[in-house]
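Open the model in your viewer and keep the selection tool at hand. The stops below say what to pick next and what is there.

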Amino acid sequence: MNYSTILLNDHAELPCAFVDLDAFDENLASLADMVKGTPFTIRIATKSIRVPDLIRRALTFGAPYRGLMCYSAEEVLFLSSQGFDDFLLAYPTLQK
């Protein structure tokens with residue numbers, strides 16, 4: 001099903017997002033290849049990927065993906081409620 005078919009036939013509630021999962025997976029593989037053979041891991045920057053299911057998809061790709069880099073303590077709290085458990089809080093916070 002393509003973008004126009006979904007919108008024209010009212011199959012989606014708006015607002016919605018469309019993601020080419022084949023392209024998403026190719027990007028994951030391409031980034032993984034860049035660090036292949038090194039000791040480096042890649043943390044998912046949640047400021048760039050805002051959808052928990054896509055974050056989960058990236059992490060289940062396996063090595064070298066490991067953990068999340070979050071922009072706020074609030075976001076860490078939300079993502080921990082979604083089952084994530086490896087966080088780097090990128091910015092200082094005064095939040096509890």
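Select V19, in the loop between α1 (3–8) and α2 (21–35); helices here are DSSP runs of H or I with at least four residues, strands are runs of E with at least two, and both are numbered from the N terminus. This is a predicted model, in which local features need pLDDT of at least 70 and side-chain atom pairs count only at pLDDT 80 or more, while totals for chains, interfaces and linings use all residues. Residues are numbered from 1 along each chain as its sequence is written, and side-chain values use heavy atoms, with hydrogens and water left out.

V19 has a relative accessibility of 39% and therefore counts as partly exposed. The classes are buried under 20% relative accessible area, exposed over 50% and partly exposed in between, with a 1.4 Å probe and protein chains only. Show its contacts (heavy atoms within 4.5 Å): leaving out residues up to four places away in sequence, V19 touches F24 and L54. L54 is 35 residues from V19 along the chain, and their C-alpha atoms are 9.2 Å apart.

Next, select α2 together with helix α3 (residues 52–60), which pack at an angle of about 45° with their axes 10 Å apart. Axes are lines fitted to C-alpha atoms, for helices over the stretch in contact, and angles run from 0 to 180 degrees between N-to-C directions. The angle makes α2 oblique to α3; under 35 degrees would be roughly parallel, over 145 roughly antiparallel, 65 to 115 roughly perpendicular, and the rest is oblique. To see the contact itself, display L21, F24, D25 and L28 in α2, which meet L54, R57 and A58 in α3. By class, this contact of α2 with α3 has five nonpolar, no polar and two charged residues. Ala, Val, Leu, Ile, Met, Phe, Trp, Tyr, Cys and Pro count as nonpolar, Asp, Glu, Lys and Arg as charged, and the others, Gly among them, as polar.

Stay on α2 and pick A32, which lies in that helix. A32 is buried, as its relative accessible area is 11%. Residues up to four places away in sequence aside, A32 touches F61, P64 and Y65. Between A32 and Y65 there are 33 residues of sequence separation and 7.7 Å from C-alpha to C-alpha.

In β2, Y65 is the bridge partner of I42. Select the three strands: they form an open sheet in the order β1-β2-β3, with parallel pairing, where two strands pair if DSSP finds at least two bridges between them. β1 (42–45) and β3 (87–89) stand at the edges with a single partner strand each, so one side of each has no neighbour in the sheet. Neighbouring strands are turned by 35° against each other on average, direction ignored.

Which residues of β1 are on its covered face, and which on the uncovered one? I42 and I44 are on the covered face, R43 and A45 on the uncovered one. Now move to strand β2 (residues 65–70), which pairs with β3 over three bridges. L68 stands opposite F87 in β3.

Finally, select helix α4 (residues 73–81), which lies across β2 and β3 and runs at about 165° to β3. Within α4, pick E75. E75 counts as buried because its relative accessibility is 9%. Its contacts, again without residues up to four places away in sequence, are T46, R50 and C70.
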